[in-house]
Amino acid sequence: YEAMHVALAALEQAISLDAQGIVSALAATDLSSFLPGGRIKFDSIGQVYGPFTMAQNGQRGGGQGGLIPFIVYPDEEKSGPPFSIYQPFSSPRPPCSADFFAYSVSECTAANIRRVEYYYLDDANATCANPTISCYCDPAGVHSRPVNFEAPCEFIHLDSNEAVVARAAAFCGTALSALLLGLLFASWNSTALHHGQRPLLVLISLSTAWCSLSVLTMVGENTESACQLRIWNTMLSAGLTVSLLLGRVVYWYRVWQNPSTETLMAHPLRLAAPIGMSFSACSAITLVWMLVQPEFTKVETQIVGTEAFDVRKCDVVDSIPVVVPILAAVYFSATLLHCVLLAYQSKDCDGRYFESWYNFVATFNVAFVCLVLAVVIGLLEINSVGKTLFVGISLWWSATGCAIFSFMPRISAAFGIRVFGSKPNEMGSSTNAASTNSENVLQKYVHGRARRQTTKSTNNTES
């Protein structure tokens, strides 16, 4: 308060407002004050001058008798020994009270637990030589030291078993995506893959690898950058995979609606609109999330038994408008529901590689995993480590299933391997996957057209 008065006076009296002018005005300060000494001014080296007296209560020689005040400052007025710290003597603590033990919380261990350990204090609040044996109170009394206990950690420790599981999942998922991508390039010019939406399969392998690598961000302490990276990677990798899955679903739905050569051999760029719109929506939600959230971690009081201590957790919804996570949930729910409905209608349209049926299985797998994830996170009581690991494994599982079921029909056909649902005489690289003869194409995909016409007839009859 008084410092601001001094600064204001210097600014008002300064000849100029540069550094030298203000310093000169400060050096000339001489103001009345309510501080000890009654005035504020500075000496030649800039030290404030304020005459006051400092006294300390102490005991007479030998420590006997009552307390008397000693003047310890300024030096010319000293009336006793120099200022010193005395042992407490005026208010002894009551014997054997609950104040004679304390507790400490350890760092997280490889078992993802914190140790809460109690220890005894002496009469000066210092730890006893043997912290487990009272050096002031009777340890058998009513205030004996509580039993040590363990509390769960709020993050996955780098050396824990959960971290090993996360790393193994990330490695297996990434290796599988790389293997499928390698098989795709090895059979790139095969007949089975020639009109099998090859660019879309390449993107699916890359997006599923991204999902698998995102599991690695779930491991480690909850720092600002780590929590931000988790949200960013999870949203964008999952959003890209779901958008590409939507592209495949739309492709087969169009084939089911119009089983023609033109539809079957459609260029992948014709799927850019649904894929781009879906991923753009996910990217926009993620960007808004990053911009409106002030902090990505929060300090939360964790209560275990009768004790409470602070831990740092990733903040997903508390510090941001609730509409942002709701938008993210609505985006994934609406997109997956749309995919499931379209994939179910068109699941029987492919009579050659049974590809549309596998596309439905891939869509159902992703939707089912997301539903289970929402139920487990929303309804079950799971600690932070369990929730974080479950989110990572769910992301890995859905991405891996999407990659397997998307690649299996065409890759198997390219290498002459029969998969469930396909006919023996329709497998192998010698089979023409997309004939330029319109009649042949219609004959191969007639089941889908017949299904659609039968459905329309049934609806008309019911009407």
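Author: Helices are DSSP runs of at least four residues, numbered from the N terminus. Keep that in mind as we look at this predicted model.

Reader: Thanks! How many helices and strands does the protein have?

Author: There are 13 helices and ten strands. One of the helices is H5, which spans residues 198–214 and holds Leu-201.

Reader: Is Leu-201 buried or exposed?

Author: Buried means under 20% relative accessible area. Leu-201 has a relative accessibility of 0%, so Leu-201 counts as buried. Across the protein, 41% of the 463 residues count as buried.

Reader: And how far apart are Leu-201 and Ala-403 in sequence and in space?

Author: They are 202 residues apart in sequence, yet their C-alpha atoms are 8.4 Å apart. For the whole chain, take the contacts between residues at least 6 apart in sequence: 62% of those join residues at least 24 apart.

Reader: What about charged side chains? How many salt bridges are there?

Author: The general idea is that side chains of opposite charge can pair when their charged atoms come close. Here the count comes to four salt bridges. One of them joins the side chains of Asp-30 and Arg-39, at 2.8 Å from N to O. Asp-30 is partly exposed at 41% relative accessibility, and Arg-39 is partly exposed at 40%.

Reader: Which residue pairs with Arg-114, and are the two buried or exposed?

Author: Arg-114 meets Glu-154 in a salt bridge, 2.7 Å from N to O. Arg-114 sits in strand S7 (residues 113–120), while Glu-154 is in the loop between strand S8 (149–152) and helix H3 (161–186), so this pair ties together parts that are 40 residues apart in sequence. Both Arg-114 and Glu-154 are buried.

Reader: Where does Glu-117 come in?

Author: Glu-117 forms a salt bridge with Arg-115, and their closest N and O atoms are 3.5 Å apart. Salt bridges that share partners link Arg-115, Glu-117 and Glu-150 into one network. Glu-117 is partly exposed, with a relative accessible area of 35%, and Arg-115 also counts as partly exposed, at 28%.

Definitions and conventions. Residues are numbered from 1 along each chain as its sequence is written. This is a predicted model: local features need pLDDT of at least 70, side-chain atom pairs count only at pLDDT 80 or more; totals for chains, interfaces and linings use all residues. Side-chain values use heavy atoms; hydrogens and water are left out. Helices (H or I, at least four residues) and strands (E, at least two) are DSSP runs, numbered from the N terminus. Buried means under 20% relative accessible area, exposed over 50%, partly exposed in between (1.4 Å probe, protein chains only). Contact means heavy atoms within 4.5 Å.
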